[in-house]
Every structure is written in C-alpha cells, then in structure tokens.
Amino acid sequence: MRTSQPQTIYLSDYKVPAYLVDTVDLRFELFEDGARVHSTLELRRNPESDEVSAPLELDGDSLTLESVALDGAQLAAGDYEDRGDQLVVRSVPEQFTLTVVTWIEPQNNTRLEGLYKSSGMFCTQCEAEGFRCITFFPDRPDVMARFRTRSNGNDVERGELENGRHFVTWEDPFPKPCYLFALVAGDLVEKRDTFTTCSARDIDLRMYVEPRNAEKCDHAMDSLKRSMRWDEEVYGREYDLDIFMIVAVDDFNMGAMENKGLNIFNSSCVLASQETATDLAFQRIEAIVAHEYFHNWSGNRVTCRDWFQLSLKEGFTVFRDSQFSADMGSPTVKRIEDVTLLRTAQFAEDGGPMAHPVRPASYMEISNFYTLTIYEKGAEVVRMIHTLLGPDLFRKGSDLYFERHDGQAVTTDDFVKAMEDASGRDLRQFRLWYEQAGTPVLNVSDDYDADKGVYRLTIEQSIPDTPGQTNKKPQHIPFALGLLGQDGQPLPLKLGAGEADAPTERGLELTEATHSFEFHGIESRPVPSLLRHFSAPVRVRYAWSREQLLFLMSHDPDGFNRWDAGQRLAVDVIQSLVGAPDDAEIEPRLVEAYRKLISDTELDQALVAKMLQLPSEAYLAIHRARDAVLRHLAGALKAELIACYQRHQGGGPYEVTPEAIARRSLRNTALAWLLMIDDQEGRELAVSQLSAADNMTDRMGALRALVNSGFESDRQQALDEFYDRFKDDPQVVEQWFSVQAASDQAGQLPDIQRLLEHPAFDWKNPNKIRSVVGAFAGQNLAAFHNPDGSGYEFLADQVCRLDDSNPQIAARLVTPLTRWRKFAPSYSARMKSALERIRDKSGLSRDVYEVVHKSLAD
Ligand SMILES: [Zn+2]
C-alpha cells in the first residue's frame with residue numbers, strides 16, 4: 001500500500017524505450033498456494049534511444065523475486081536492485097539474455113490484475129499494467145516481443161495439466177506488447193465452430209466455458225462469425241491466425257479483453273440464452289464480441305505507443321463496433337442509444353473534475369482513463385472524420401493506416417495523418433478534438449427575410465473551461481442540417497441565389513467562432529432540423545418553441561432528430577414543472593403527441609419504442625418532476641397503453657430480430673407505465689406475463705414493473721420466486737440484484753444493506769459489486785440523494801472497503817460523488833464531506849487518490 005503521494009505521468013515526458021525485448025519465454029508452475037514464473041528475455045539496447053548508458057529498469061508490482069541471471073550466470077545481490085516496483089540491473093552488455101524467477105500468489109490477487117484465480121480457474125488481465133504483476137518486464141505498449149509460454153512442464157501451447165485441467169495459450173507469431181499476453185487454466189468445456197475467410201482459409205473457433213455454461217455459447221459464436229465477415233467486407237480485414245479462442249471468466253474488472261487470439265470475457269458479456277439473457281444483453285454481447293474481435297487489427301496489429309494514445313485503439317474500435325451494430329439492426333436506433341449514453345454520462349464527465357481530452361496530457365493511474373471520453377467521445381471523433389471524408393476516402397485512409405503501421409506502436413496523430421494523406425483533406429484544426437477537453441456548445445439563432453426569401457442561420461461555438469484548460473480555440477465541427485417547409489416537406493438548401501438542384505440536407509463545416517449561412521428561395525419561415533444524426537458530440541442551444549418540436553416529432557425525415565425533438569419537448573415540459581404544485585397542469589400537447597405515438601402502427605416500431613422513453617434521470621437530475629410527468633402520461637393514456645400492450649402480445653416463437661425486440665420493448669414500456677400508477681389491470685398483466693414468460697426480456701420486464709410499483713406483496717413474491725428459479729445462475733442473480741438496487745421502491749438503504757449480506761453477494765466479484773453498489777449510486781437517484789446524506793456515507797464506506805481489495809473498481813464507484821459541485825448546497829456539502837472521508841483513509845490506493853483529489857481540487 002501507498003504511503004507517499006502518487007506521481008503524475010506526462011505525455012510530454014515520453015521517451016523511446018532504452019531497451020527492446022525480442023523474445024519472451026515464460027514458464028509457469030501453478031500450485032494451490034502460489035505460482036512460480038520463470039521468465040527468459042532476449043534484450044538489446046534500443047538503437048533509437050539516446051540513453052546509451054541507461055541501466056536496465058524493469059517494472060514490477062507485488063512480486064517476490066527469487067533469482068536473476070544474466071547470460072546464464074546467477075547475479076549476486078549487489079549486481080541488481082529490487083525496489084519492489086522496479087528491478088534495476090546497472091551493468092549490462094549491448095545484447096543479453098536475462099532470466100528472472102518470481103513467486104506470485106494468484107489465489108490472493110483480489111485486484112484482478114495480472115494472474116489471478118476466478119471460480120477455481122487461473123486467468124490473466126494485463127491491460128493496462130497487469131503484466132508487471134506476473135514478472136519484471138518493461139511494461140509499456142511500445143515494447144513488442146514474441147511470446148512463448150509453457151506451464152508445469154508442458155511445452156505445447158495447449159495441453160492437459162496433471163490434474164486434468166486445460167491450459168490455454170500458444171506461441172504467438174506476431175510480436176506484441178505485454179498487455180496482450182493471456183493465459184487461462186481451468187476445468188473448462190470446449191465449444192467448436194469454424195469460419196472460412198475471404199481467402200478460403202479455415203479458422204478454428206473455440207469457446208471455453210465452465211461446464212454449466214455449455215449451452216450459452218451459441219449467440220457469441222454467431223456474433224463472432226458475423227463480425228469476422230463484416231470486417232472483411234467493410235474494412236477489408238481478414239483474420240490472421242488459424243485459431244481464435246474466447247474464454248468466459250466470472251471475476252473480471254472490465255467487460256472483455258482483446259488478447260491476441262485468446263479473448264477473455266466477463267461471463268456477463270458473452271454468455272446468453274433465451275431463458276437467462278435480455279434482448280439488451282443479446283445486443284450488448286454481439287457488440288462486445290465484435291469490439292474485441294475488431295481489435296485484432298485496430299489495437300493488436302497496430303497498437304498504441306503509450307497509454308496517452310489509448311483512444312487510438314478504443315475510439316476507432318468503438319466506432320467500428322457501432323457501425324457493425326448499426327448494420328446488424330436499425331442505424332437510427334443504434335445512433336439514439338449511442339447518443340443517449342454520450343449525453344447522460346460522457347457530457348457529465350466532460351463537465352466534471354475528471355474532464356480530460358480524448359488524448360490526455362497527464363495521468364496518475366492509467367486505469368482511471370478507461371473512460372467514456374476515451375471510448376465514446378473518441379468514437380465520435382473518428383465518426384466525424386468519417387463524415388468529413390465520406391465512406392470511400394475514409395476506407396482509403398483506414399487501408400493506408402493499417403498498411404503503413406502494421407506491426408507498430410503509434411499515436412492518434414499517426415491515425416489522423418493517414419486519413420489526411422489518403423484523402424488530401426487538411427485536418428490540422430480537427431486535431432483539437434484530441435487535445436481540448438469539454439463539450440463544445442453551439443448557440444444557434446436565425447432570422448427570416450420574407451421579402452427576399454432568405455433564411456439566415458448564425459452559429460456561435462464556444463468550449464467551456466475544464467480543469468487545466470481555458471480559452472480554447474474553435475474546433476472543426478461537421479454540422480448536418482435540413483429545413484422543413486410549413487407543409488412538412490424538406491426544402492432545397494440553396495446557399496447561393498442562383499444554385500439549382502440544391503440538396504435537402506447539407507453537411508456544413510464550422511471552423512470559426514461564428515458562422516452565418518444564408519439559404520435562398522425560402523418562401524415562408526422554415527423549421528430548422530439541426531445537427532442531424534448528431535453529426536458532432538456537441539450541445540445545441542436554439543430557442544425551439546413547443547410547436548416547432550411537435551412539428552419535428554412528426555415530420556422530420558431524419559429519424560434521429562424526430563426522436564431528439566421528442567426528448568427536447570419532454571425535457572422542456574419536465575423542467576417547467578420543477579417546484580410546481582403536485583396538481584399543476586401538464587402540457588396537453590405532450591400527452592397528445594404521446595397518444596399519437598403509442599397508437600402509430602406505421603412508424604418503425606423500434607423508433608416508437610425509443611421515443612416513448614423519457615429522458616433519463618441522470619440526464620435531467622430532476623426526479624420528482626420526471627416522475628410526475630410519467631404518472632400523468634400513464635394516467636391519461638391508460639386505454640392506449642393497454643391496447644399497445646395487447647397489440648404486441650404473443651407474436652410466435654422467441655426471436656432476436658429488430659422487429660421482435662421492438663415488440664417486446666413496447667409491451668414492457670406499456671407495462672412499466674401502467675404500474676407507475678398502480679393500475680389493477682396492469683398488475684394482472686404483469687403477474688401473468690411473469691408466470692407465462694418464455695424469455696428473460698419478458699420476465700425481467702414484468703419483474704421490474706412490479707418491483708417499481710406500489711404492490712408490495714406482489715413485488716416480494718415475484719422477487720422470491722425469481723431468485724428461487726435462477727439462484728444457480730450468477731449472471732441472472734446479478735440482474736436480480738440490480739433491479740432491486742436501482743428501484744426507489746425496493747432499493748432504500750436498509751434494503752441495499754440486506755442485499756450486501758445476501759448469501760449470493762460476493763465482495764470479490766466486480767459484477768456483484770456493480771449490480772448492487774453501482775446500481776444504487778448510479779441509477780437509484782432518489783435514494784442515493786437522500787437529504788440526510790446517508791446514501792453518500794454508504795457509498796464512502798463501500799469505496800473505503802474496496803480500496804484495499806480492488807482499487808480499480810473502488811475508483812469507478814466514486815464517480816457519483818465527484819459531481820458534488822452540481823448539486824444544491826445542502827447536498828453538495830454532504831457529498832464533499834463523504835469524499836473527504838475517503839481522502840483521509842490511510843493507505844489510499846493511487847486509483848482512488850487521483851479521482852478523489854481531482855474532484856476536491858479548487
Ligand atoms: Zn476495446
């Protein structure tokens with residue numbers, strides 16, 4: 001544990017490594033009480049380094065050093081220095097072999113970094129800096145080596161251990177950074193399939209899971225094959241090894257890990273069956289399997305030079321997986337889901353104490369930078385390049401990037417340069433998206449000159465200050481728009497008076513602080529449809545009237561903006577009710593708009609399902625007013641809700657298609673609304689749906705509706721029966737925990753305490769912690785923000801408790817408290833004091849230290 005203040009690491013201090021590693025030979029001896037790791041490295045001085053006499057410094061963490069040998073000769077104690085976090089050998093030749101033997105204790109590794117044990121199985125997680133918990137090594141992504149691994153005397157890549165367990169790893173022909181190293185050994189069953197690549201090579205596909213999960217692999221396997229095909233067709237990327245393996249692990253800090261040829265997944269992100277996984281889980285699994293597979297090129301073949309470049313692989317790969325998901329389902333719905341996440345969570349991060357650029361300039365603990373900004377905003381930045389270049393030039397750019405940098409560790413700048421070189425576009429100003437933090441704000445105003453038939457749009461851009469960054473420069477922003485005439489028809493957008501055949505949608509480019517655009521030949525005042533498809537991750541401010549929003553909701557040809565107009569209208573109505581008396585009138589036009597939507601059988605039902613979701617509480621931070629609007633809508637639209645429910649009932653055998661998902665989503669939304677007002681008919685529908693359901697989406701929909709209702713005895717009975725049925729399935733039990741923890745009916749603090757004492761709860765399992773503590777603090781806003789501060793104190797207790805065992809997870813759980821400045825004084829004072837209590841804990845980890853100190857800094 002730490003006693004001194006953690007160091008800050010700066011991008012500007014980057015130096016090439018002083019030593020390179022050509023090969024790594026690892027031999028593992030795995031025992032019940034620990035593991036011995038024999039590591040033999042072929043090293044040489046880096047000709048590109050100017051540190052010609054630098055000592056050899058290898059990173060280490062929580063290792064017991066047993067011996068060090070140089071070119072086969074054991075070193076005496078005085079020849080090297082073991083500093084705990086570093087092994088230093090002062091005098092080494094130009095080229096040499098170093099053999100290091102260390103002892104580690106995977107069974108006691110609760111941080112889940114390096115080699116650890118999960119449900120009796122050995123597994124690894126080395127990104128970002130876990131490899132140093134296995135052996136001493138230059139643990140940085142720009143040191144790429146060929147790895148060879150053996151275990152307990154087996155020198156084959158895959159084999160049987162003495163006790164009958166499989167051992168999975170292999171000799172990787174491609175040099176790779178150590179963060180991509182992986183090893184798994186456990187009592188696993190194997191599921192097999194094959195994929196034939198575009199050049200007719202047969203790839204052996206294998207999944208390794210615990211025997212009880214053998215029937216939950218099909219969806220991930222199918223998703224993998226679809227991903228492999230898609231990457232060939234859309235990016236021209238073929239798989240490069242003869243075998244591709246996926247392993248499911250219960251205790252895992254992240255969602256999944258793209259280790260070369262051997263992806264390791266959190267069980268909850270890969271295992272699915274109709275009985276145990278919701279539609280959302282099916283979609284998430286498909287996206288994560290694709291994401292990790294796509295990393296084989298965007299991450300593994302071309303990797304990051306240093307961790308400041310993390311978005312090089314993550315932003316690009318999230319963009320790729322979102323394109324894939326859009327192609328597999330509805331592009332509009334996928335866009336709505338991505339933007340919802342961005343607006344509710346990434347914008348908050350961008351406006352909070354941990355705000356950082358897509359390419360950060362400094363960090364204390366890199367684990368804290370696996371953020372929505374690096375992933376989701378990073379993906380938006382790549383999407384904007386795609387928009388500016390168009391699909392053909394973007395593909396030319398990505399081909400050039402992969403060709404130019406194959407086998408290298410590079411920077412985000414190299415990525416942008418390849419896009420520039422392939423397209424001839426100048427992206428110098430665009431690079432500010434990587435350097436400046438904060439969400440740009442676009443203030444849009446307009447005026448209409450009826451005599452000249454000219455409509456003028458003025459757009460001013462500004463970027464708020466963020467920690468360490470003020471007076472930011474204007475960024476290069478693609479801004480897609482359309483104009484609608486009073487009859488709802490799209491108007492041609494003539495930028496010059498004489499322009500013929502003008503398009504009805506334009507992609508404008510903003511580069512200055514202020515731009516004005518004039519559209520000619522406009523016969524009456526149009527309704528603007530701004531930032532179509534959410535063409536840039538910005539906030540748009542424009543004085544929409546409620547009439548305009550209602551108009552866009554039913555006429556905008558851009559599905560995304562149709563949805564967005566509905567969201568803006570709901571936000572406007574909800575905000576106008578804050579502090580209003582309980583019987584205040586709710587905008588009748590909102591009720592009528594929703595009535596129309598619920599009964600609309602022409603519009604894409606997936607879009608209808610999305611449009612019926614009110615903006616989330618996290619986005620609004622106004623619980624009571626949102627609740628009041630929901631209840632009012634449910635009361636006024638009861639007949640339509642029941643009709644909608646019945647219309648979407650049945651529908652044949654269970655399928656995971658966009659149409660079937662939309663049907664279930666609409667039915668379950670109708671049910672949730674009916675139970676918000678404790679409707680008797682709704683209650684009966686929920687109870688019978690729960691008992692008749694043949695899939696988890698419907699079962700969970702009914703359970704959630706009951707849990708959030710006032711029908712206390714039904715709620716308890718439903719929860720008990722559900723648990724009884726699924727108690728042997730950890731992934732379903734996680735859902736059972738979180739449906740309670742996120743509910744303001746069933747998730748009051750004493751209930752949460754009870755969940756923590758439940759026999760199925762496990763402090764060593766990150767999924768369980770997230771499903772109770774994370775769901776409570778992140779989704780159950782009414783209970784978390786109890787005016788007496790008890791929710792904050794509770795979270796502080798759990799963070800302090802976890803800080804010793806799993807600091808990565810502890811640092812993530814702190815997030816809701818770091819937003820303290822956004823709340824009214826009585827709340828913010830209590831949130832701050834909870835943070836201060838965490839700050840004062842002795843031996844605070846570097847992970848939590850960084851988050852807490854930054855959020856308390858002036
Ligand atoms: Zn990734």
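Arg 568 is partly exposed, at 22% relative accessible area. Partly exposed means between the buried limit, under 20%, and the exposed limit, over 50% (1.4 Å probe, protein chains only). Arg 568 sits in helix H9, residues 559-576. Helices here are DSSP runs of H or I, at least four residues, and strands are E runs of at least two, numbered from the N terminus. Not counting residues up to four places away in sequence, Arg 568 touches Arg 343, Val 540, Trp 544 and Leu 549. Contact means heavy atoms within 4.5 Å.

A word on the source. This is a predicted model, where local features need pLDDT of at least 70, side-chain atom pairs count only at pLDDT 80 or more, and totals for chains, interfaces and linings use all residues. Residues are numbered from 1 along each chain as its sequence is written, and side-chain values use heavy atoms, leaving out hydrogens and water.

His 295 lies in the loop between helix H2 (279-294) and strand S22 (303-304), and Glu 314 in helix H3 (residues 310-328), so the pair ties together parts 19 residues apart in sequence. His 295 and Glu 314 are both buried.

Last, Phe 519. Leaving aside neighbours within four places in sequence, its contacts include Gly 453, Tyr 455, Leu 481 and Leu 508.
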